[in-house]
Amino acid sequence: TWWEQDADEPAYSASLMKLPVATAAQRRHDRGEIDLDAEVEVHDDFESVVAGERYVLDRDDDQDDLTWDGRGGRTSLRELRRRALVMSGNLATNVLLEAVGIDEVTAVVGEAGCSERTRIVRGIDDRPAQRAGISNVVTARDLGLLLARTPSEVEEVLLGQHYRDAIPAGLPAGATIANKTGWIDDHTHDIAIVRPTAEQGGEPFALVVLTRLRGVSYDDGNARIAALAAQAWERRQ
């Protein structure tokens, strides 16, 4: 680590939990336990991690219309993973997580060397779990460890990221940036694998910016992250 501030401070993960879910899917595929090209039914009701409870997702809270338009039909796990990462699709994430299993996600977090502060323990908008105080929590340092162990197949998907107004906006042209955003009220996050060109220094690095900014707009949160990314680049130089 060559630049940090409050790197061990826990923060609500928002959509950053989709990265270890995507990594878990790749691991199980590589072991032959699931087939990412297999098609599964797209549905919006899910079993909660709270025993005996179920919950339903709200389309209005999702950015991924394509998955919702296909509700009731079938889509491949590979495509659901792409939408979960690139469009930050909530429905796509939960259907994928249903096939992958939370235990494999827990294994990904543990084997990366993450601290006990980082806990990915439920799906998106699991309201019974929320009421029970069960939440997905991360730290910047632990997310850096997860980025360092991201499979190349998952990094390739992240290169198609739709949301590029935070870390990518603060870094110079030419660098290859595979990022994943996360946002919810009062939280705006972005994490990235950055691969500079040979002329820029060449050595790849992970960059993680987590924010808790009460009353700050989404656009202002992204602008602050971009400014921090620019500062990080200067420190690296």
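Ala178 touches Glu155, Leu158, Leu159, Ile191, Ala192 and Ile193, leaving aside residues up to four places away in sequence; contact here means heavy atoms within 4.5 Å. The place of Ala178 is in strand S7, residues 176-184. Helices (H or I, at least four residues) and strands (E, at least two) are DSSP runs, numbered from the N terminus. Ala178 counts as buried, at 1% relative accessibility. Buried means under 20% relative accessible area, exposed over 50%, and partly exposed in between, with a 1.4 Å probe and protein chains only. Ala206 is 28 residues from Ala178 along the chain, and the two C-alpha atoms are separated by 9.6 Å.

This is a predicted model, in which local features need pLDDT of at least 70 and side-chain atom pairs count only at pLDDT 80 or more, while totals for chains, interfaces and linings use all residues. Residues are numbered from 1 along each chain as its sequence is written, and side-chain values use heavy atoms, with hydrogens and water left out.

The protein chain as a whole has ten helices and nine strands. Its radius of gyration is 17 Å, close to the 18 Å that the globule rule gives for 237 residues, so the chain is as compact as a globular protein of that length. The radius is taken over C-alpha atoms, and the rule is 2.2 Å times the number of residues to the power 0.38. Buried residues make up 50% of the 237 residues. Of the contacts with a separation of 6 or more, 68% are between residues 24 or more positions apart.

Helix H3 covers residues 77-86, and seven of its ten residues are buried, so H3 is largely enclosed by the rest of the structure. Those buried residues include Arg81 and Arg83 as well as Leu77 and Leu80. Ser76 is found in strand S5, residues 74-76. Ser76 is buried, with a relative accessible area of 17%, and touches Leu36, Asp37, Ala38 and Glu39, not counting residues up to four places away in sequence.

Some backbone angles deserve a look. Most residues other than glycine have a negative phi. Ala14, in the loop between strand S1 (11-12) and helix H1, has a positive phi, near 50 degrees. Ala14 is buried, at 7% relative accessibility. Asp186 lies in the loop between S7 and S8, and its phi is positive too, near 70 degrees. Asp186 is partly exposed, with a relative accessible area of 27%. Ser88, which follows H3, has a positive phi near 55 degrees.

The largest pocket has a volume of about 1000 Å³. On a 1 Å grid over the protein atoms alone, a pocket is an open set of points where a 1.4 Å probe fits, with protein on both sides within 12 Å along at least five of seven lines; lining residues have an atom within 4 Å of a point. Grid points are joined across faces, edges and corners, and the volume is the space filled by probe spheres set on the points. The lining has 33 residues, of which Trp3, Glu4, Gln5, Ala140 and Val208 lie nearest the pocket centre. Strand S9 (205-212) is one of the elements that supply at least two lining residues, as is helix H7 (140-148). The largest share, eight residues, comes from S9. In H7, the buried residues include Ala140 and Asp142.
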